[in-house]
Amino acid sequence: MSHAARPPAPSRLSRHFSLAELCRSETAQAEGIDNTPPAELLPNLRRLALGLDEVHELLGQPLDISSGYRCPALNRRVGGVPASQHTLGLAADFCAPAFGEPIGVAVAICRSPVVFDQLILEFGRWVHLSFAPVPRRRTLTLYSSAQGFLEGIWSPVGERLA
């Protein structure tokens with residue numbers, strides 16, 4: 001099926017998230033990359049949106065999505081790992097400024113009953129959260145590429161928080 005012949009995608013995936021919101025990318029827009037997901041990934045994007053709805057309800061605040069779905073070209077352009085869950089429509093990076101700092105968001109999600117696959121506190125600046133069919137509830141922290149990933153959620157001074 002050609003790109004032009006795709007059936008229209010649902011604009012609303014969940015109570016709080018639209019398809020456009022989970023596919024928006026300043027990099028894609030600036031560089032003319034078509035970041036439209038294939039129809040077969042719409043169930044994954046709906047799974048992601050429903051999981052993010054749970055986080056929105058948990059925090060009681062809106063989420064500011066900085067990266068959701070990434071087509072392979074966009075994922076390469078932003079330096080994502082080739083097997084990124086973003087390319088499957090299962091992951092989003094976000095902050096919740098009205099709730100607090102990303103570290104507080106990460107801890108709140110970890111201590112909640114939200115069933116996620118992977119949560120990564122990245123560089124103390126945002127939370128990466130994924131939802132997969134078989135969730136692992138894996139938590140990681142990344143403050144520097146040199147240090148690498150740490151299992152769990154850690155403060156910048158080396159205190160394990162979750």
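Q: What pLDDT does the protein chain average, and what share of the residues score at least 70?
A: This is a predicted model. Its protein chain averages a pLDDT of 93, and 94% of the residues score at least 70.

Q: Where does pLDDT stay under 50?
A: Residues 1–5 are the stretch with pLDDT under 50. For residues 1–5 the model has four contacts beyond four places in sequence.

Q: Why is Thr141 called buried?
A: Buried means under 20% relative accessible area. Thr141 has a relative accessible area of 0%, so Thr141 is buried. Thr141 is found in strand 5, which covers residues 138–142.

Q: What is Thr141 in contact with, leaving aside its neighbours within four places in sequence?
A: Contact means heavy atoms within 4.5 Å. Beyond those neighbours, Thr141 is in contact with Leu121, Gly148, Phe149, Leu150, Gly152, Ile153 and Trp154.

Q: Why is Ser25 called buried?
A: The limit for buried is under 20%. Ser25 has a relative accessible area of 17%, and therefore Ser25 counts as buried. The place of Ser25 is in the loop between helix 1 and helix 2 (26–31).

Q: What does the side chain of Ser25 reach?
A: The Ser25 side chain reaches the backbone nitrogen of Ala28 at 3.0 Å. Leaving aside neighbours within four places in sequence, Ser25 is in contact with Asn35 and Leu74.

Q: Why is strand 2 described as largely enclosed by the rest of the structure?
A: Strand 2 holds residues 91–95, and four of the five are buried, so strand 2 is largely enclosed by the rest of the structure.

Q: How do you know that strand 2 pairs with strand 1 and with strand 4?
A: Two strands pair if there are at least two bridges between them. Strand 1 (residues 64–67) and strand 2 have three bridges, in the antiparallel sense. Strand 2 and strand 4 (residues 126–130) have four, also antiparallel. Both counts meet the requirement, so both are pairs. Among the residues involved, Asp64 has Cys95 in strand 2 as its bridge partner, and Phe94 stands opposite Val127 in strand 4.

Q: Which residues touch the most other members of the largest nonpolar core?
A: This core has 37 residues, and Leu22, Leu52, Val55, Leu63, Phe94, Leu119 and Leu129 touch the most other members. Helix 1 (19–23), helix 3 (42–59), strand 2, helix 5 (102–110), strand 3 (118–122) and strand 4 each give two or more residues to this core. Helix 3 gives the most, with seven residues. In soluble globular proteins, nonpolar side chains tend to be buried together.

Q: How do you know that the span of helix 3 is close to the expected one?
A: Helix 3 has 18 residues, for which 26 Å is expected at 1.5 Å a residue. Helix 3 reaches 25 Å from its first C-alpha to its last, close to that value. Just after helix 3, Gly60 takes a positive phi of about 70°.

Q: What covers the buried residues of helix 3?
A: The cover includes helix 1, strand 1, strand 2, helix 5 and strand 4. Among the buried residues of helix 3 are Leu45, Leu48, Ala49 and Leu52. Leu22 is in contact with residues including Leu45, Leu48, Ala49 and Leu52.

Definitions and conventions:
Residues numbered from 1 in each chain as written. Predicted model: local features only at pLDDT ≥ 70, side-chain atom pairs only at ≥ 80, totals over all residues. Heavy atoms only, no water. Buried < 20%, exposed > 50% of the residue type's maximum accessible area, 1.4 Å probe, protein only. Core = buried A, V, L, I, M, F, W, Y, C linked by side-chain atoms within 4.5 Å. Polar contact = N/O pair within 3.5 Å; in protein donor to acceptor, adjacent residues only side chain to side chain. pLDDT = per-residue confidence, 0-100. Expected span 1.5 Å × (residues − 1).
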